[in-house]
Amino acid sequence: MRLVFMVEERSMKELLEVLLPKFLPDGMDKPIVIAHNGKSDLAASIPRKLRAWHTPDDRFIIIHDQDSHEDCKQLKENLLALCKNCRHAVMVRIACRELESWYFGDLAAVSLAYGKNFINLADKKKYRTPDKIANPKDEIRKLIPTHQQISGAKLIAQHMSVEQNTSTSFNVFISGVKKMAIC
């Protein structure tokens, strides 16, 4: 059994390739992470890949940013509808608002990655609930003008803790992946 992750963009792929080995069970087949060119490419790819995938025990995890969608549950239902009639176990997880929200959930990792202390930001109302930051991608760029999406994802992921993140969507993602890995 292997986990196959379908993600919107390369930055999430880079983050997962560093993060997943930190918590997946030993002896498990190496996961596959398939990056797409945005939301529409991911949505078009889901039914095609699920129908064409011939390894029956593989399990799929689809990760989609919430972005401006108001209703996470509806977004998740829409993505699950793309998976109907597939032969594989599928789980959908939503990163509330964006991948960068997960970074704000672990400011210690951001601090270590960039060599500057951002930990005290967690005390400010704006950053207290990372999943509610309106545009976390812009916020991270304001704090760290040199931040690049792909290299930043790799860098921050090296320091991220799967136990100490304050982003609810990150924690829901981690617990879901753990369940998929042991079922």
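**Entry 1: α1 and α8**

I looked up the contact of α1 with α8 (contact meaning heavy atoms within 4.5 Å): R10, S11, E14, L15 and V18 of α1 meet Q149, I150, A153, K154 and A157 of α8. By class, I recorded five nonpolar, two polar and three charged residues. Here Ala, Val, Leu, Ile, Met, Phe, Trp, Tyr, Cys and Pro count as nonpolar, Asp, Glu, Lys and Arg as charged, and the others, Gly among them, as polar.

I note that this is a predicted model, in which local features need pLDDT of at least 70 and side-chain atom pairs count only at pLDDT 80 or more, while totals for chains, interfaces and linings use all residues. Residues are numbered from 1 along each chain as its sequence is written, and side-chain values use heavy atoms, with hydrogens and water left out.

Helices (H or I, at least four residues) and strands (E, at least two) are DSSP runs numbered from the N terminus. The axes of α1 and α8 lie 8 Å apart, at an angle of about 20 degrees. Axes are lines fitted to C-alpha atoms, for helices over the stretch in contact, and angles run from 0 to 180 degrees between N-to-C directions. The angle therefore makes α1 roughly parallel to α8; angles under 35 degrees count as roughly parallel, over 145 as roughly antiparallel, 65 to 115 as roughly perpendicular and the rest as oblique.

**Entry 2: burial in α1**

I asked which residues of α1 are buried. They are S11, M12, E14, L15, L16 and L19, with buried meaning under 20% relative accessible area, for a 1.4 Å probe and protein chains only. The buried residues of α1 pack against β1, β2 (32-35), β3, α4, α8 and α9. Leaving aside neighbours within four places in sequence, I found L16 in contact with F5, V7, P21, V33, I63 and F173.

**Entry 3: nonpolar cores**

A nonpolar core is a set of buried Ala, Val, Leu, Ile, Met, Phe, Trp, Tyr and Cys residues joined through side-chain atoms within 4.5 Å. The largest holds 41 residues, of which F5, L15, L16, W102 and V177 touch the most other members. Its largest share, six residues, comes from α9. Apart from this core I located another of 15 residues, among them L42, L50, L75 and L79.

**Entry 4: α5 and α8**

I then examined α5 (residues 107-114) and α8 (residues 149-157), which pack at about 110 degrees with axes 8 Å apart. These two helices are therefore roughly perpendicular to each other. A109, V110, A113 and Y114 of α5 make the contact with G152, L155 and I156 of α8. By class, I recorded six nonpolar, one polar and no charged residues there.

Terms used. Buried means under 20% relative accessible area, exposed over 50%, partly exposed in between (1.4 Å probe, protein chains only).
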